[in-house]
Amino acid sequence: MGSCCSIRSGSATPRRDGAVARLRTATATSAGGIVVRYEAGRPQLVIGSRRRERDGRTWTLPKGTPKRGESTEETALREVGEETGLEVRITGPLEDIEYWFVQSGTRIHKTVHYFMMEPVGGDLDRHDREFDQVRWIDFGEASAVLTFETERALVAHAADLLRVGSAAAEAAS
């Protein structure tokens with residue numbers, strides 16, 4: 001796939017007397033993954049937590065911003081590795097998540113490209129400082145633990161894909 005881009009800005013419209021100031025707009029791109037392992041035959045995924053001033057503690061999927069010249073897949077592998085301490089490989093693509101937020105007077109439209117992944121080494125204790133905590137949870141816990149609805153929906157879709165894949169593997173054997 002192609003390279004990711006970082007934040008691009010558009011210019012703000014000049015303010016007229018008495019008019020409400022318009023926010024500048026920008027776009028941002030990140031990439032990450034749902035890392036899956038099986039414990040006692042049940043799928044689990046890795047999530048991370050960090051403290052935020054505005055909304056307390058958040059639990060999210062690992063993801064991050066591309067470096068110059070990096071492909072979407074390279075960004076996802078690097079960021080998931082850094083944030084979780086795991087060495088991972090991509091097993092397939094997932095759909096993108098898109099959302100808007102405001103930061104420092106700029107309205108940002110963000111797209112996050114996600115991949116299904118599996119661990120091939122590493123250790124959660126080696127995660128970087130972007131997350132305070134990193135842990136495995138059962139897929140069934142994700143809807144109650146993950147902070148953002150878009151990520152909860154993505155994990156539910158990934159769980160469906162795992163069930164379909166498991167059923168197909170059983171039927172083939």
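**Strands, pocket and selected residues in a predicted model**

Me: In this predicted model, how many bridges join E7 to E8?
Reply: Strands E7 and E8 run antiparallel to one another. The two form a hairpin with 2 residues between them. The number of bridges joining E7 to E8 is 7.

Me: Which residue in E8 does phenylalanine 101 stand opposite?
Reply: E7 covers residues 97-103 and E8 covers residues 106-122. Across this pairing, the residue in E8 that stands opposite phenylalanine 101 is isoleucine 108.

Me: Which residue in the turn of the E7 and E8 hairpin has a positive phi?
Reply: The hairpin leaves 2 residues between its strands. In that turn, a positive phi of about 50° belongs to serine 104.

Me: Which element gives the most to the lining of the largest pocket?
Reply: The largest pocket has a volume of about 730 Å³ and is lined by 30 residues. Elements giving two or more residues to this lining include E2, E3, E8 and helix H3. Among the residues nearest the centre of the pocket are Tyr99 and Phe101. With 6 residues, the element that gives the most is E7.

Me: How many charged residues does the lining of the largest pocket have?
Reply: Arg52, Lys63 and Lys110 are among the residues that lie nearest the centre of the pocket. By class, the lining has 12 nonpolar and 9 polar residues. The count of charged residues in the lining is 9.

Me: Is glutamate 70 buried or exposed?
Reply: Glutamate 70 lies in the loop between strand E5 and helix H1. Its side chain makes a polar contact with the side chain of threonine 75, at 2.8 Å. A residue counts as buried under 20% relative accessible area. Because the relative accessibility of glutamate 70 is 10%, this residue counts as buried.

Me: Why does alanine 153 count as partly exposed?
Reply: Alanine 153 has its place in helix H3. The partly exposed class lies between the buried limit of 20% and the exposed limit of 50%. Alanine 153 therefore counts as partly exposed, because its relative accessibility is 40%.

Me: What distance separates the C-alpha atoms of alanine 153 and isoleucine 97?
Reply: Along the chain, these two residues are 56 residues apart.

Me: What percentage of the residues in the protein chain is buried?
Reply: The chain has 3 helices and 9 strands, in the order β-β-β-β-β-α-β-β-β-β-α-α. Of its contacts with a separation of 6 or more, 67% are between residues 24 or more positions apart. Among the 173 residues of the chain, the buried share is 40%.

Notes. Residues are numbered from 1 along each chain as its sequence is written. This is a predicted model: local features need pLDDT of at least 70, side-chain atom pairs count only at pLDDT 80 or more; totals for chains, interfaces and linings use all residues. Side-chain values use heavy atoms; hydrogens and water are left out. Helices (H or I, at least four residues) and strands (E, at least two) are DSSP runs, numbered from the N terminus. Buried means under 20% relative accessible area, exposed over 50%, partly exposed in between (1.4 Å probe, protein chains only). A polar contact is a pair of N or O atoms within 3.5 Å; within protein, one must be able to donate a hydrogen and the other to accept it, and residues adjacent in sequence count only if both atoms are side-chain atoms. On a 1 Å grid over the protein atoms alone, a cavity is a set of points where a 1.4 Å probe fits but cannot get out, and a pocket is an open set with protein on both sides within 12 Å along at least five of seven lines; lining residues have an atom within 4 Å of a point. Grid points are joined across faces, edges and corners, and a volume is the space filled by probe spheres set on the points. Ala, Val, Leu, Ile, Met, Phe, Trp, Tyr, Cys and Pro count as nonpolar, Asp, Glu, Lys and Arg as charged, and the others, Gly among them, as polar. Two strands pair if DSSP finds at least two bridges between them. Contact means heavy atoms within 4.5 Å.
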